[in-house]
Amino acid sequence: MENNNFANYVAIISAAIAVLSAIFSFVQARSAKNSYRLQKKIYSDGEPKFSIQDISDSLLYNQKNLDEVYYFFKIILPNLSDKATSIIESKLELKHKKGKLIVKYNEDCEIRNQLERLTIPIDIPPHSSRIGWLVFSVSREIYDQLEIDTHYLFLKDLHGVEVKKEKIYVMEEYINHENK
Amino acid sequence: MRINNKIFSIKKMALMKIVSDAAIASSHIANGKTIPLIILDTVKHPEIDEMIKMHHGIKYGEVNSQWAKSIDNRQILLCIDILEPTTISFKIQFDIIANGGLIDIIVESQLLYLQGGKIGDRYRNTMNAPNILLEIPSNDFKNEWINIFNKAYTKHFRSLGMNKKDAKKAAKQMRIEWGVIRDMRMK
């Protein structure tokens, strides 16, 4: 009888220890999972991460006596990473009925100098942003032949990260086109 | 429905009916694209009239849009959520057969003029009324729209007595013919 009681006590205690072990393992697993999530977030914050948050304004400048037409885009560029970044390349893609045309970035444009320009390379410190205008130019001879559907702005940073943003409608400003 | 991580209900949006439509092409606007204009029946929705008046003349705002289709494949909805400078949401109902050409131009141009009005209004009689120009990004919807267009018109032509093969061919040909208006440019 006493042996039976002792065996029962041992069984109960063993079961209780097993349950406690299971609970402890569960708590440890949860803690490890939370720790993993935190590590993952810290790693992610350190990855290069910028975007074109918005194209807040745009303009197509078309002056009759000039050989080129000029696209102006005002962009907001946040850098969401813990690392600084630098935009080293920008291009404008004009999607037209027969395909695409890549338009080059223009850093020498004297038109509308009062607009605050962004100059490539664009340095953006961690967790901050830059706002300004980018200018692109295309020869009038080519532009007049295109039936443009939409515009894509591409930016690439020194880490190789490339982002793009579409602008469907660009307001057009015609200078000295009295007969149009 | 979630647009830009904002969840809102299509059911709660005011349903707007189209009074009439037009197509506008100008060499100074959007590279001469043909842009559709819709006059909405805003008699019971003066807030939409007010929104259009307030936006008229303002250079830029912010709008989200989403295309939707009814389960019976007869209606297309364009859900519009204007965020700046005023906030208002509504949906525009299109009949796929009656307004198929109009939807086609919106999808192709990705632009839409909106004007408020009442039954009987036409653009030629209301050219001085305020309107606003919206960007309606539709690249992701375009292929699906072409499928919807072809299926709906195939079914329509079959209901008129054509056999399946001819109806399918006629539907595709109709979209090609409609391209005369859709792809027109004023340059």
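R175(B) is located in helix α4 of chain B, which covers residues 164-182. This is a predicted model, and in it R175(B) has a relative accessibility of 14%, so that the residue counts as buried, the limit being under 20% relative accessible area. When neighbours within four places in sequence are set aside, the contacts of R175(B) are D104(B), E108(B), I146(B), F149(B) and R182(B).

D95(B), by contrast in topic, belongs to strand β8 of chain B, which runs over residues 88-95. With a relative accessible area of 25%, D95(B) is partly exposed. Apart from neighbours within four places in sequence, D95(B) is in contact with R74(B), Q75(B) and G100(B). Between D95(B) and D49(B) there are 46 residues of separation in sequence, and the distance in space from C-alpha to C-alpha is 23 Å.

In chain A, a residue of another kind can be considered: I23(A) is placed in helix α1 of that chain, residues 2-46, and is partly exposed, its relative accessible area being 46%. Together with V19(A), L20(A), F26(A) and V27(A), I23(A) makes a nonpolar surface patch of about 500 Å².

The next topic is strand pairing. Strands of a sheet pair through backbone hydrogen bonds, and they may do so in a parallel or an antiparallel manner. In chain B, an open sheet is formed by four strands in the order β4-β5-β9-β10, with mixed pairing. Its edge strands are β4 (18-25) and β10 (131-135) of chain B, each of which pairs on one side only. From one strand to the next, the twist averages 25°. Helix α1 of chain B, made up of residues 46-55, packs on this sheet and touches β9 and β10 of chain B, and the direction of the helix makes about 125° with that of β9(B). Within the sheet, strand β9 of chain B (residues 111-117) and β10(B) are paired in the antiparallel sense over five bridges, and L111(B) has E135(B) in β10(B) as its bridge partner.

How many of the 10 residues of strand β1 (residues 54-63) of chain A are buried? Eight of them are, so the strand is largely enclosed by the rest of the structure. Strand β1(A) is joined by seven bridges to strand β2 of chain A (residues 68-79), and these two strands run antiparallel. They form a hairpin, with four residues lying between β1(A) and β2(A), and S58(A) stands opposite F73(A) of β2(A). With strand β9 of chain A (residues 172-175), β1(A) pairs in the parallel sense over four bridges. There, the bridge partner of L60(A) is E172(A) in β9(A).

The last topic is backbone geometry. Most residues other than glycine have a negative phi, and most peptide bonds are trans. The table lists exceptions in the two chains.

| Site | Feature | Value | Location |
|---|---|---|---|
| I120(A) and P121(A) | cis peptide bond | omega about 0° | P121(A): loop between β4 (99-105) and β5 (122-124) of chain A |
| E84(B) to P85(B) | cis peptide bond | omega near -5° | P85(B): loop between β7 (75-84) and β8 of chain B |
| H127(A) | positive phi | about 50° | loop between β5 and β6 (128-139) of chain A |
| A30(B) | positive phi | about 50° | loop between β4 and β5 (34-41) of chain B |

Is H127(A) buried or exposed? H127(A) is exposed, because its relative accessible area of 52% falls in the range over 50%. For A30(B), the relative accessibility is 7%, and this residue therefore counts as buried.

How values were computed. Residues are numbered from 1 along each chain as its sequence is written. Chains are lettered from A and ligands numbered from 1 in the order in which they are written. This is a predicted model: local features need pLDDT of at least 70, side-chain atom pairs count only at pLDDT 80 or more; totals for chains, interfaces and linings use all residues. Side-chain values use heavy atoms; hydrogens and water are left out. Patches are made of residues with over 30% relative accessible area and no salt bridge: like charges are joined within 9 Å, nonpolar side chains (Val, Leu, Ile, Met, Phe, Trp, Tyr) within 5 Å. Accessible areas come from the Shrake-Rupley method with a 1.4 Å probe; for residues, only the protein chains shown count as cover. A salt bridge is a side-chain nitrogen of Lys or Arg within 4 Å of a carboxyl oxygen of Asp or Glu. Buried means under 20% relative accessible area, exposed over 50%, partly exposed in between (1.4 Å probe, protein chains only). Two strands pair if DSSP finds at least two bridges between them. Axes are lines fitted to C-alpha atoms, for helices over the stretch in contact, and angles run from 0 to 180 degrees between N-to-C directions. Contact means heavy atoms within 4.5 Å.
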